[in-house]
Amino acid sequence: MRRTIAALVLVTAMAWACSSGGSDAKRPSDDAATTSSKAAQTGKPAQKPKPVRVVTLNLLHGLFCPPETDSCRAPDRVAIFAELVEQAGCPDLIGLQEIGMRLEQLLPAMVEKLCDGRYTIAWQAVASPDREMVLSRLPIVERGYLDIANFPWEAYWVRVDAPAGPVDFLTTHFASSSNNPDCQPGRCPPVCANGISTNECNAVEVVDFFRQRASKAALTIVAGDLNARPGSPTLTALTGAGFRDAWLEARRPECDPTTHIGCTGGGSAPEPFVGMDTKEGAGYDARIDYVLVRPGEDCDVDLEVAGFADKARPSPLNGMFWPADHAGVQATIGCA
């Protein structure tokens, strides 16, 4: 998000509120227990359960794009995103941030055709231009909206039935510099100490949310645009609670602002398309988009990680090379 929050409030007055919450009650997977039982009977080592594959991407709401650009050519950007999902082999879980009004109109029809229509959309269309959305190919057994400190920041989570057991997946957009005031009484929830930034508070809220959940998961995954760099108090709040930075765990190179390798956000490019209409892109100079993983007690986590939407389309689609003004992250997460 590249402009001031004041414009957000003006647009929000025009937004509508609706909800697609609820839960899909299904029995948790017995695959892991069955595998262990068979191993005990045969004396052979148990096979690893199939890993879960996840993607995160800030898709750009287009709120500040000139009206004549149709939210910075949102239809073309959504089409490029769909191409990338298919090329990535249709990951199990996709976390999207900045789902504005135009994307809300475009995504359902695209998802119906994406990967043979095997995705379910899970989100809560609150009265905000910046919502989070989950696309899941795995059965959803629980879901919910998490309203984190200060408008318009939020999170959405699902629990899915995966071969390794229950997996909690949360996608979120933490406070950016456009609206990141320090916490004071009445501004942030009691779980956040006075004086910390909203951005750090958002991480504390996510940690507290999972702390309060009584039901354990084989994997807990937090993915999204955290607007925070490695080593910041925000990341420390999450890693201190047992979350691992999948990018570093997989020994991927840290962001190099000079070459842009390993970077996912920031940079500078001319508006209105901030580099999405060029092969060079925005010139990312920071790593602020993450997949963070916390394994359960019986999970010896195994990771493969790569960038997502981090390379220009070979040829432009109606002038657009990129689906968003961020690069994303894709991860394959297994449990031994």
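**Entry 1: a loop residue.** I started at N227, which I found in the loop between β8 (219–225) and α6 (233–239). Helices (H or I, at least four residues) and strands (E, at least two) are DSSP runs, numbered from the N terminus. Phi of N227 is near 50°, a positive value in a residue other than glycine. I noted N227 as partly exposed because its relative accessible area is 24%; buried means under 20%, exposed over 50%, and partly exposed in between (1.4 Å probe, protein chains only).

**Ground rules.** This is a predicted model, where local features need pLDDT of at least 70, side-chain atom pairs count only at pLDDT 80 or more, and totals for chains, interfaces and linings use all residues. Residues are numbered from 1 along each chain as its sequence is written, and side-chain values use heavy atoms, with hydrogens and water left out.

Entry 2: I placed A309 in the loop between β11 and β12 (328–335). Is A309 buried or exposed? A309 is buried, as its relative accessible area is 5%.

**Entry 3: cis peptides.** I found a cis peptide bond between F151 and P152, with omega about 5°. P152 lies in the loop between β5 (140–146) and β6 (154–162). A cis peptide bond also joins E271 and P272, with omega about 10°. I traced P272 to the loop between α7 (246–249) and β10 (289–295).

**Entry 4: H61.** I looked up H61 in the loop between β1 (52–58) and α3 (70–87). H61 counts as buried because its relative accessibility is 4%. Its side chain reaches the backbone nitrogen of L63 at 2.9 Å.

**Entry 5: rings.** Rings of Phe, Tyr and Trp (its six-membered ring) pair if their centres lie within 6.5 Å; planes under 30 degrees apart count as stacked, over 60 as edge-to-face and the rest as tilted. By this rule I have five aromatic pairs. One of them is F81 with F308, edge-to-face at 6.4 Å centre to centre and 80° between the planes. This pair links distant parts of the chain, with F81 in helix α3 and F308 in strand β11 (residues 301–308), 227 residues apart. F81 is buried at a relative accessible area of 0%, and F308 is buried at 3%. F209 and F210 have ring centres 5.0 Å apart and planes at 65°, so this pair is edge-to-face. Both F209 and F210 are buried. Ring pairs link W157, F209, F210 and F243 into a cluster.

**Entry 6: cores.** A nonpolar core is a set of buried Ala, Val, Leu, Ile, Met, Phe, Trp, Tyr and Cys residues joined through side-chain atoms within 4.5 Å. Which residues have the most contacts inside the largest core? I listed F81, L96, L107, Y119, L135 and F308, in a core of 44 residues. The elements giving two or more residues to this core are β1, α3, β2 (93–99), α4 (101–113) and β4 (131–136). The largest share, eight residues, comes from α3. Apart from this core lies another of 28 residues, among them V52, Y156, I333 and C335.

Definitions and conventions. A polar contact is a pair of N or O atoms within 3.5 Å; within protein, one must be able to donate a hydrogen and the other to accept it, and residues adjacent in sequence count only if both atoms are side-chain atoms.
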